[in-house]
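Visitor: I am new to this structure and would like to learn how to read it. Please take one feature at a time.

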Amino acid sequence: MSPIRDDDGEDPTFDAIAGNDDAIDADEVVGTDDESGPARPAVSGHGRKGRVAADGGEGSEGARASSELRSDGGTRSKGNVSEFEQMADVSLTKGERRRQWADEKLLAPGRIVWSDWRARFGLLVVTFYLLMGIVGPKLVEAPSPNQGDYLIGAFRTLDHPFGTTASGTDILSQTVYATPSMLIMITSGAVFTVVLGTATGTLAGYKGGRVDSVLMTITDVMMTIPGLPLTIVLAAALQIDGNPAVIGILITINAWAGLARAIRSQVLTLRDAEYVEASRIMGIGTPKIIGSDIIPNLMPYITMNFVRQARAVIFGSVGLYFLGVLPYNSVNWGVMMNAAVNRAGATSSAAAFHWLLVPMLTIIVLALGLTLLAQGADRVFNPRVRARHAKSVEGGDEDDEEGGSGGTTTAATGGI
Amino acid sequence: MSYVLKRIGQSILTVFVVVSASFGLVRLLPGGPLDYLRAQAIQQGGSDMTMAEINQRIAAQTNIAVDEPIYVQYVEYMAAIVQGDFGQSIWYEQPVTSVIGPAIPWTVFLTASALFLAFTVGVSLGAIMAYKEGSRFDVTSTGIGLVLNSTPGYVVGLLLVAFLGYRYELFPTGGRYASELSPGFNVPFLASVLQHGAMPIASMAVVGFGGWALSMRGNSIRVLGEDYLRVARLRGLSTRRIALRYVARNAILPMYTGLMIAIGTVFGGAVIIENIFAYPGVGFYLIQAINARDYPLMMGGFILITVAMVIGITIADLTYGILDPRAKGGASRESY
């Protein structure tokens with residue numbers, strides 16, 4: 001008995017100093033015995049010493065059980081561990097975590113997109129254009145004059161499936177070689193708009209007051225300036241070169257204003273939400289709150305606008321290139337249309353009409369793909385659709401690995 | 001009332017900013033318009049032209065007196081614009097206002113008709129689609145709406161010109177009205193105006209109404225599921241009243257802000273459309289000015305397009321406040 005008690009005497013002290021609360025559980029088990037009742041008023045480390053003596057005096061079964069626990073040191077039985085310190089039975093390795101993350105962030109949205117025909121079509125179209133821009137120029141011969149006869153119609157020969165221009169250039173190869181610069185233009189324009197619009201909108205909406213009124217006055221002024229005429233005038237006055245990234249920004253030069261307005265009004269409703277208020281009370285800084293509480297909630301809207309803006313860049317740039325008022329350093333769809341109309345009179349003569357039609361269809365199909373993708377993106381972020389698909393993810397998980405918790409995580413995230 | 005004043009003040013501020021920016025673009029850019037105009041003057045006037053004469057010529061063209069200090073230049077430029085003096089067009093060799101002034105009503109005619117047509121047709125179609133949700137009509141219209149929504153206006157314009165204009169010769173391919181007619185309120189003239197305007201208006205309206213129809217459809221479906229609509233039905237209100245007062249009104253209101261953005265899109269699109277149909281509106285002259293490097297005409301055209309659009313948006317914004325009382329106010333309080 002005495003060696004046990006010695007151990008007993010030392011251990012709680014140590015535990016109390018270390019702030020380890022495990023001992024409390026064991027003592028409480030003892031405390032359920034009748035006599036020790038008055039001796040355990042406080043469940044804190046300080047009340048420990050006196051109680052230990054009392055326990056020792058009783059020599060009850062409970063005391064033995066508890067002391068056995070302590071003498072063992074590290075290996076405590078599971079039932080007695082405080083729930084605050086309880087560890088998961090299985091810890092996840094890095095690989096598993098990565099797989100879970102991929103499942104949650106990539107596969108689940110992917111399944112949702114794939115389940116909807118519109119989004120599937122949009123995704124296929126956009127992927128096709130991306131491939132056309134990246135791989136296409138390596139597969140297709142570069143456009144040059146006199147590749148074939150002049151003005152061969154579309155679908156007449158296999159050598160020139162889309163026909164040739166008035167100078168004998170293959171239209172298919174022109175279309176393909178125009179894709180990379182168009183993609184750069186679209187991306188830069190859309191990124192510019194979304195970043196600037198989101199930054200302005202969230203800041204104005206969240207800060208309110210003077211910041212809001214100053215930013216919104218600027219926004220309103222920018223919004224009421226007609227976009228395409230502004231682009232035309234700037235391109236004429238600034239004498240810029242034809243870098244597609246710069247042109248993309250130039251075309252969306254004031255498109256961010258509309259987005260900023262819309263985002264601001266969404267932030268106005270979000271900034272009073274309970275969880276944002278909680279973050280504020282905890283003393284988290286404004287940039288962090290905007291970054292981790294506000295922006296994630298706006299992601300669906302931002303994504304939709306990214307796609308919408310991409311479409312606007314295509315329409316605007318092709319239109320202005322068609323008018324011949326933008327500088328360029330490589331062929332693109334608008335330049336093709338311009339050449340078709342001005343050099344071959346494609347609107348008035350049937351012989352050259354295919355020259356005009358091919359780039360027009362190229363634009364329409366890409367725009368349609370982007371529109372449908374935007375609708376699909378809406379579904380990805382729709383919590384109800386997401387939750388439904390998260391469940392199917394969980395079911396899939398149980399088959400191949402033990403990580404049932406992976407599915408739960410997804411479901412939890414999806415449910416928000 | 002204060003809201004109206006504030007809104008008008010904002011519109012004036014917009015115009016002020018645009019005019020100032022136009023001064024900056026013409027005056028301050030190195031190697032920009034002013035240098036070009038000077039070089040042109042030297043080239044045309046020959047070597048016997050003195051510097052003062054060149055400056056005088058530039059001042060007549062752009063309202064910028066180069067030999068004055070820059071703030072004087074700015075004040076004089078702004079004062080001239082306020083008085084309606086946009087300088088002298090180099091290409092047409094007459095005041096910018098007399099080139100572009102007559103073109104403004106025509107551009108407004110095109111854009112306003114196109115916007116009105118697209119909006120009314122789109123909204124009615126969208127409402128019908130919502131009522132027949134899931135039917136074959138709905139599915140087909142949604143598909144058509146999506147395709148039209150993904151088509152730029154100038155593509156439709158080019159197709160119309162190629163087929164209805166040149167191939168079947170149903171509509172004229174250029175001009176505001178037949179050249180042998182004199183303007184006036186008589187039937188042949190108005191008919192000619194409509195005939196010339198039909199294709200440009202159609203190409204802007206056709207691509208617009210798909211978008212309106214789709215958003216009207218979505219809004220109506222949302223409204224149809226609202227509780228207050230069930231209450232209205234339980235009250236035994238007539239279907240007609242429910243459709244117009246309850247569904248239509250609540251579904252259209254959120255689209256009204258879209259109308260303001262659409263005004264901008266239509267004005268921008270008109271620049272391209274007018275050039276396809278050789279329709280002498282403001283956008284047509286804007287592009288002509290750029291091709292001829294006629295900077296005074298270009299800036300004048302741009303400022304006037306902006307003014308027209310600002311007026312349109314201000315009207316839309318002010319009437320929205322009347323239609324939807326919730327729009328007033330806003331979150332002006334200082335928060336965090």
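**Reading the model**

Guide: Start with one residue: leaving out residues up to four places away in sequence, L286(B) touches P229(A), I232(A), V271(B), M298(B), G301(B) and F302(B). Two residues are in contact if their C-beta atoms, placed from the backbone, lie within 7 Å. This is a predicted model, in which local features need pLDDT of at least 70 and side-chain atom pairs count only at pLDDT 80 or more, while totals for chains, interfaces and linings use all residues. Residues are numbered from 1 along each chain as its sequence is written, and chains are lettered from A and ligands numbered from 1 in the order in which they are written.

Visitor: Which residues touch the most other members of the largest nonpolar core?

Guide: In general, nonpolar side chains tend to be buried together in soluble globular proteins. A nonpolar core is a set of buried Ala, Val, Leu, Ile, Met, Phe, Trp, Tyr and Cys residues joined through C-beta atoms within 7 Å. A residue is buried if 20 or more other C-beta atoms lie within 10 Å of its own, exposed if 12 or fewer, and partly exposed in between. Here the largest core has 165 residues, and L286(B) and M298(B) touch the most other members. Helix 14 (residues 286–323) of chain A gives the most to this core, with 17 residues.

Visitor: How many helices and strands does each chain have?

Guide: Helices (H or I, at least four residues) and strands (E, at least two) are DSSP runs, numbered from the N terminus. Chain A has 18 helices and 0 strands; chain B has 14 helices and 0 strands. Of the 416 residues in chain A, 41% are buried, and of the 336 residues in chain B, 40% are buried.

Visitor: Why does the length of helix 12 of chain A agree with its residue count?

Guide: The expected span of a helix is 1.5 Å times one less than its number of residues. Helix 12 (residues 255–270) of chain A has 16 residues and so should span 22 Å; its end C-alpha atoms are 23 Å apart, which agrees. Buried residues in this helix include W256(A), L259(A), I263(A) and V267(A). The buried residues of helix 12 of chain A pack against helix 8, helix 9, helix 10 and helix 14 of chain A, together with helix 12 of chain B.

Visitor: How many residues does each chain give to the contact between them?

Guide: Chain B gives 45 residues and chain A gives 41. By class, the side of chain B that touches chain A has 30 nonpolar, 13 polar and 2 charged residues. Ala, Val, Leu, Ile, Met, Phe, Trp, Tyr, Cys and Pro count as nonpolar, Asp, Glu, Lys and Arg as charged, and the others, Gly among them, as polar.

Visitor: Is A142(A) buried or exposed?

Guide: A142(A) counts as exposed because it has 12 C-beta neighbours inside 10 Å. A142(A) sits in the loop between helix 7 (136–139) and helix 8 (171–207) of chain A. Beyond four places in sequence, A142(A) is in contact with S173(A) and Y177(A).

Visitor: What is the average pLDDT of chain A?

Guide: pLDDT is the predictor's confidence in each residue, from 0 to 100. Chain A averages 70, and 64% of its residues score at least 70. Over residues 1–77 of chain A the pLDDT is below 50, and over residues 392–416 of chain A the pLDDT stays under 50.
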